[in-house]
Structures are given as structure tokens and as C-alpha cells.
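Hello,

I am handing over the structure below. My notes on it follow, for you to read alongside the coordinates.

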Amino acid sequence: MSIEQISVNVTSPGRNFVTLKIVTSDGIVGWGDATLNGRELSVASYLRDHLAPMLVGRDEERIEDTWQYLYRGAYWRRGPVTMSAIAAVDMALWDIKAKRAGVPLYQLLGGASRDSLRTYYHASGTDIAALKDTVTGLVEEGFTAVRVQTGVPGLGQIYGVSSNTPGTKYNYEPAKRAADGSGAVRPSEEIWDTPAYLAHVPGVFEELRGEFGTGLRLLHDAHHRMSPIEAARLAKSLEPYGLFWLEDVTPAEDQTALRTVRQHSTTPLAIGEIFNSVHDYQTLITERLIDYVRSAVTHTGGITATRKLLDFAAIYGIRSGMHGPTDISPVGMAAAMHLGLAIHNFGIQEYMPHNDDTLDVFRTSYRFERGFLHPGDAPGLGVELDEEAAARFDYTAAYLPVNRLIDGTVHDW
Ligand code: GCO
Ligand code: MG
């Protein structure tokens with residue numbers, strides 16, 4: 001059998017998704033997620049214009065060989081566009097292999113290592129009272145782990161904080177359409193101040209521990225905004241509150257920055273949602289500078305490459321915490337769930353349910369119950385794209401915000 005047809009679907013049921021479809025000569029269909037928030041069309045073009053023509057006619061069973069062919073064969077290595085495109089091909093080929101075998105994908109990855117996947121959901125509030133209301137609602141729904149973000153006094157809209165009515169379910173979609181006078185779509189802009197943030201955050205966790213006790217797993221995302229010494233101070237000041245993890249505490253590309261943080265604190269660290277290769281982690285893993293790997297299967301070269309990355313991390317006692325916001329499509333989420341169920345060093349899975357339009361377009365078979373996920377037992381990944389439903393939603397340009405300091409300097413968002 002061989003790959004007969006390849007097509008790329010771009011749809012926007014509330015946000016943009018790029019999905020690869022591979023059809024074999026005997027009619028098996030495989031799906032892959034290639035969504036790169038705010039840069040979607042570049043991956044669609046990479047797949048359509050460059051990879052699709054060279055894949056037609058290949059033996060679809062040769063997944064590792066195809067991965068190496070696309071990665072080494074490009075000569076230009078790594079990078080989010082390349083690795084998301086390769087990821088989509090890899091996911092679709094695993095989907096096909098498992099469908100041909102008639103088993104859910106996790107069976108081909110070694111079978112289940114657990115019954116279900118512990119998830120964490122996002123809670124936020126413009127102030128502490130609103131945040132507490134949202135956390136209370138999630139605990140009542142059964143969540144055992146919650147990521148918490150709050151507004152900072154003196155600052156307006158910042159990363160991770162939704163302006164939802166207090167107590168209502170968090171629904172944060174940071175990529176926005178902000179048209180300027182000429183009608184062109186530009187990123188929106190936010191204002192940031194690190195000293196104000198560092199002064200505010202420990203008090204937030206003090207209040208949360210007071211209200212919810214020590215049993216609830218609390219996570220926090222610093223979203224790359226601190227210098228190494230500021231990050232060390234933050235991690236140290238949060239130590240008394242026993243966080244499950246502190247995420248992206250420094251700009252992600254500087255692996256050695258986390259040495260400074262580690263020297264000063266035992267707060268567990270997670271990083272990697274914007275990484276796209278095992279090589280981005282080499283220092284972090286071998287020097288045990290992190291505790292959780294945040295990579296998404298969608299942005300890290302697919303199941304083949306993410307499996308190798310997580311096996312490498314396992315040798316050092318480092319666990320998975322795969323990226324799972326709504327900009328990972330249901331196909332990418334399913335890939336993360338199958339992998340998470342199979343590996344031994346699973347840590348936690350981020351989970352933000354998609355909206356109803358998205359779930360009309362992507363027919364899922366994964367199950368979610370009281371804070372825990374299971375990929376389901378349909379053959380393959382267990383997610384099918386309904387192309388007719390997808391055609392109702394045209395691509396809509398939208399960008400992640402740009403951050404500036406109070407004096408106007410561009411800063412990490
Ligand atoms: C997370 C992430 C997201 C990213 C988003 C960008 O931890 O879930 O930080 O909120 O900002 O995925 O596209
Ligand atoms: Mg994050």
C-alpha cells in the first residue's frame with residue numbers, strides 16, 4: 001500500500017486549525033494536526049507546496065524512515081514551521097497504522113500504563129476574589145490540578161487572565177483580530193511590569209493555600225517574562241506554597257538560565273511549549289534543570305519524535321506535561337493522550353475543552369470525566385475531521401499579543 005492523496009484543511013470554528021489528511025491506496029484516512037497559532041498559513045504552505053508532492057507514492061507503513069526523510073532531507077533543520085509540518089505527517093501515518101491494525105493508537109505504543117490521564121485546567125481572575133471563585137468551580141467539577149493566573153494591580157490585560165464573569169468557566173483565546181485604521185490585522189498590545197508582578201504573585205498563592213489547603217495541585221505560568229535572577233526570586237518566593245510547577249519562568253531559548261533558578265529554589269519547573277526538538281532540551285535534561293517537559297506532539301515533530309524526547313527525559317526522572325491549550329486541535333490533543341497513556345513517565349496533561357463549533361468539525365472519541373481524560377478505544381487516533389462542517393468556517397487572521405514595558409520597550413509576552 002502507499003500514500004495516494006494528501007490534502008491540507010484550514011478551518012476556523014472560533015479559532016484557526018490546520019489539519020493534514022493522508023489517504024492510502026486502499027482508502028485508509030489518517031489525520032494530523034499542523035496548527036501553529038498566528039502563523040497557520042506558513043505550515044499549510046510547507047505541507048501543500050513542499051511535502052505533499054514528495055510523499056505521494058511512498059510506503060505509508062515506514063513511519064521512522066519518512067520522519068528521517070523529511071527531517072534530514074530538508075537539510076534545513078528544526079524550527080516551529082518545519083517541525084509542525086513533519087508532526088502532522090507523522091501523526092497521520094500513526095493514525096493510519098493503528099486503523100489498519102484495528103486498535104487505538106496507544107496499543108501500538110506499548111499499551112496503557114495507567115487507566116486515565118490527570119489533567120489541569122486554567123483558572124484566572126482579574127483579582128484574587130474572582131480567581132478564588134473560578135478555582136472553587138473547577139474543584140467542584142472534580143479537577144485536582146488547576147493553573148492559576150491573576151491580574152496585577154496597576155496593569156491592564158495581561159497573559160493568561162480572562163475577563164470572564166467571575167465564577168464562569170475560563171475561556172481564554174489570546175490570538176486576536178485587531179485591525180488598524182487601514183483595516184490590516186495586527187497583534188494587539190499589552191503592557192507589562194515585572195516588579196509589580198513579582199510583588200503581587202506570592203500573596204495570591206498565600207490566599208489560595210489558605211482557602212483550598214495543600215491537597216490541590218497548583219500550577220502557574222510565568223510565560224517567559226523574567227530574567228534569570230528575577231525568575232530565581234519568583235521560584236524562591238513561591239517555595240512555601242508547594243506549587244506542582246512553575247512554567248516558562250525565563251525566555252525559553254536560554255537553557256542555561258534555569259541553572260540560576262535551580263541554584264536558588266526547589267519549586268518544580270516546567271518548560272518547552274515553544275520548543276520543537278529534543279536538542280532544545282539537551283542541557284535542561286542532562287543537568288536536571290527541569291521537572292516537566294511541556295512540548296506538544298503538534299510542534300515537536302509528531303509522535304515519533306515526542307516519544308524519543310520523553311524516553312530521554314525518563315532516564316533523568318523527568319515527566320511529561322504536554323501543552324494542551326485550545327490552539328492544539330482535537331487531533332493533536334488525541335495524539336498527546338495516546339502517548340501520555342502509553343509512557344511510564346507521564347506527569348499531567350493540560351486540557352482546555354474546545355468550543356461546540358470545533359467539536360462539530362472534529363468528531364472526537366476521547367472521554368473526559370471529573371478531571372481525568374482517556375483517548376477512547378476507536379481505532380487510530382479516534383478523531384475524524386468532518387470536511388463539510390469545516391468548510392463553513394473560513395480562515396480568519398488572528399495574532400498573539402505583543403508585550404511592551406511601561407516605557408514602550410518590546411518585552412516577552
Ligand atoms: C499554555 C500556553 C498557552 C500559549 C498559547 C499560545 O501554557 O497553555 O502558555 O496559553 O500562550 O498556546 O498559542
Ligand atoms: Mg504556557
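**Helix packing, domains and ligand shell**

In this predicted model, helix 1 (residues 40-55) packs against helix 3 (residues 80-101) at an angle of about 55°, and their axes are 9 Å apart. Helix 1 is therefore oblique to helix 3. The crossing of helix 1 past helix 3 is right-handed.

On the helix 1 side, the contact uses Ser42, Val43, Tyr46, Leu47, Leu51 and Leu55, which meet Val81, Thr82, Ser84, Ala85, Ala88 and Val89 in helix 3. By class, the residues of this contact are nine nonpolar, three polar and no charged.

Next, the domains. The protein is divided into domain 1 (3-104) and domain 2 (108-377), with C-alpha centres 26 Å apart. Their contact takes 31 residues from domain 1 and 30 residues from domain 2. On the side of domain 1 that touches domain 2, two or more residues each come from strand 2 (17-24), strand 3 (29-33), helix 2 (63-73) and helix 3. Helix 3 gives the largest share of that side, 11 residues. The residues on that side of domain 1 divide into 16 nonpolar, nine polar and six charged.

Last, the ligand. Which residues surround ligand 1? They are Asn37, Pro174, Asp221, His223, Glu273, His323, Pro325, Asp327, Glu350 and Leu400. The shell around ligand 1 has four charged, three polar and three nonpolar residues.

Regards

Note on methods. Residues numbered from 1 in each chain as written. Chains lettered and ligands numbered in written order. Predicted model: local features only at pLDDT ≥ 70, side-chain atom pairs only at ≥ 80, totals over all residues. Near = placed C-beta within 6 Å. Nonpolar A, V, L, I, M, F, W, Y, C, P; charged D, E, K, R; others polar. Axes fitted to C-alpha atoms, helices over the stretch in contact; angles between N-to-C directions. Helix = DSSP H or I, 4+ residues; strand = E, 2+ residues; numbered from the N terminus. Parallel < 35°, antiparallel > 145°, perpendicular 65-115°, else oblique. Left-handed = near helix turned anticlockwise from the far one by under 90°. Contact = placed C-beta atoms within 7 Å. Domains from an automatic or database assignment.
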